[in-house]
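The following exercises concern the sequence and structure shown below.

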Amino acid sequence: MRSFLFDALFKGTATIARPVPGSAALEEVAKTLGERARQRLGRSLSIREIDAGSCNGCELEIHALNNPVYDVERFGLKFVASPRHADVLLVTGPVTWNMREALLRTYNAAPEPKWVVALGDCAGNCGVFAGSPAVVGPLADVLPVDLHIPGCPPPPLEIVKGLLALMEAGKS
Amino acid sequence: MSAPAALADLVAEREAGPDGYVRLDVEADLWTALAQGCAAGLHDLSALWADGDRMRMALVGDGRRAIVSLKTAAGAYPSVSAHHPPAIRLERAMRDLYGVQPLGLPDPRPWLDHGRWPGHENEARYEFLPSEGEGLHQIAVGPVHAGIIEPGHFRFTANGETVVRLEERLGYVHKGVEHLLAGADIARGARIVGRISGDSTVAYAWAFARAVEAALGWAVPPRAILLRAIMAELERLSHHISDVGAICNDASVLTIHARCALQREDGLAVAGACFGHRLMMDCIVPGGVTADLSSDGIGQVRGLLARLEETRAEILRVYDSLPSLQDRTVTTGIVTPELVRQYAAGGFVGRASGRAFDARKSFPYAPYDRLDFALKTRTAGDVDARLMVRMEEIVESLGMLHRLLDRLAPGEIRSAAPAMAVGEGAALVEAFRGDLFVSVRIDEGGKLARVHARDASWFQWPLLEAAVEGNIVADFPLCNKSFNCSYSGHDL
């Protein structure tokens, strides 16, 4: 265990500097959130992640947000276990018919005000799974979406930039 | 009642196709006798799927592989699971997707069909298996779990803290993968198959590519073969190291977790820099690979290997020095060798319970046919054994990667497609979690007529139910993480 501490001393910090919020994401949230978010957002966000049909690629990159390199808790972005504690629902995957009800129940369990982020190409347009009879459609067909972070999967830095834009929108 | 038939006797005189599989049509009697052979331990069930008016079964035994086909009669066929329970979920899934009826299926409940698909709506309640006894209570978990995990439902029946039964209900992320693949062209097929389970995208893409190449007689440049293995071993390493951390995290040793997460990030960043995608998605395609490794890239991978070795050695030292951590992992979640044999469980789940099977070793495909490495097994079958097998596999993968990099000679990385022809091909690839089977059938015009993918998880999920029995509820996350089965790969 001591070696971990020595390592930390000699190798220095692995954590990257705070990235600039994504400009496309800023534009999108400015449009979708409008006045609604102004007073509410801006300090910190509790995020509940929901896999609504993902291939688990997006989950791998969401996991990376909590590693020491991105360490998103320092920006006030915290993943929570219960939707009751959540401000933001971060949803991945094309919405499958088999997950639709669980997704809606989780959404309904989150208190108002709440925001929905569609993460990855599948949540945006079903990706390669478009046209499957087992898929309801993109997330926007099921829930009101405030921000979409594209990518297959989006790299963690892009996810951080998108989530920071969501926070910025509330500050302006 | 017929006597069990052994695969070895059946295929002894027959020649295998270029993919290593002997293909033969059988009648119902022989089909059933082969199912009984699985139960008797004469060979292993590797996959079971519906293909038009036929049921197909991939069998593995005594160094031979076969795909046997049975013509269904009015959409029905004699159930394999009536003799061999590991086939139960496969038969339920195929019935839900294609309507084929296994006669004598011991568990007729739906599996992937949750009564939600348009045109198949059904309000009937899913009946979990009963557990009876004094003081028993149920704990329902999921499909939405507390962490950043894929969805699935776990129904625990417990007496106080002790789990007497765990029953899984899966299928929530069923995306209709096989439906989408039917009629797709090969390029689109590769993109879809690479997204059946994102964490094994390299292994899936490789298995699909090999199956298509076998079907069409498509030759792959030597450099591409080496690059495929480099990607596959990098994928394996990133999951092995991060899952070791995640297991320790579930035992509240966050320092190991942080260190492993950092090392995983290092691996993904190097993969992203070298191949243009952190998970190396769409990098392997039929005919070769889409991304080459520059000399600078080779240096980056070698640097990563050195750092990984340092991390591995340090994690192992720390793991060994924490009795309170081992108190959580040793003797927790035991899977018996009998169950592992019966289910032909692949990967570290099988190897930690003494099943010495690894597709890279048991049915070596290039370049593993000329790559020496040790097959690591343990016998304890607990969380600790699964973790230690993975730690040992890290060493083997690091060694293999060094030798693969040594052998990289300049050359083409992709060959043009041969004339499209009707054909069939199958491949078995060792993904990080175990052997992955992909079968393709190509129709006139070069379209995919039928693709079936069987994730290692199909034969591991049921063993998790067995592993948890008798353990305390609080140890379930450890057991679950030590398996790390794929939901998406299973739900299709």
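**Exercise 1.** State the order in which the elements of chain A follow one another from the N terminus.

*Solution.* Read from the N terminus, the order is α-α-β-α-β-β-β-α-β-α-β-β-α. Chain A thus has six helices and seven strands; helices (H or I, at least four residues) and strands (E, at least two) are DSSP runs, numbered from the N terminus. The model is a predicted one, in which local features need pLDDT of at least 70 and side-chain atom pairs count only at pLDDT 80 or more, while totals for chains, interfaces and linings use all residues. Residues are numbered from 1 along each chain as its sequence is written, and chains are lettered from A and ligands numbered from 1 in the order in which they are written.

**Exercise 2.** Determine how many residues of chain A are in contact with chain B, and classify them.

*Solution.* Step one: two residues are in contact if their C-beta atoms, placed from the backbone, lie within 7 Å. By this criterion, 41 residues of chain A contact 39 residues of chain B. Step two: the elements giving two or more residues to this side of chain A are α1 (2-11), β1 (45-51), α3 (57-65) and α4 (97-109). Step three: this side comprises 24 nonpolar, 13 polar and four charged residues. Here Ala, Val, Leu, Ile, Met, Phe, Trp, Tyr, Cys and Pro count as nonpolar, Asp, Glu, Lys and Arg as charged, and the others, Gly among them, as polar.

**Exercise 3.** Decide whether the residues of α3(A) are buried or exposed.

*Solution.* A residue is buried if 20 or more other C-beta atoms, placed from the backbone, lie within 10 Å of its own, exposed if 12 or fewer, and partly exposed in between. In α3(A), the buried residues include A:G57, A:E59, A:I62 and A:L65. Nine of the nine residues of this helix are buried, so α3(A) is largely enclosed by the rest of the structure.

**Exercise 4.** Describe how β4(B) is paired with β1(B) and with β3(B).

*Solution.* Strands pair if DSSP finds at least two bridges between them. First, β1 (residues 21-26) and β4 (residues 64-71) of chain B pair in the parallel sense over six bridges; B:R23 has B:I67 as its bridge partner in β4(B). Next, β3 (residues 54-61) of chain B runs antiparallel to β4(B), joined by eight bridges, and B:R56 is partnered by B:S69. Finally, β3(B) and β4(B) form a hairpin with two residues between them, where B:D62 in the turn has a positive phi of about 50°.
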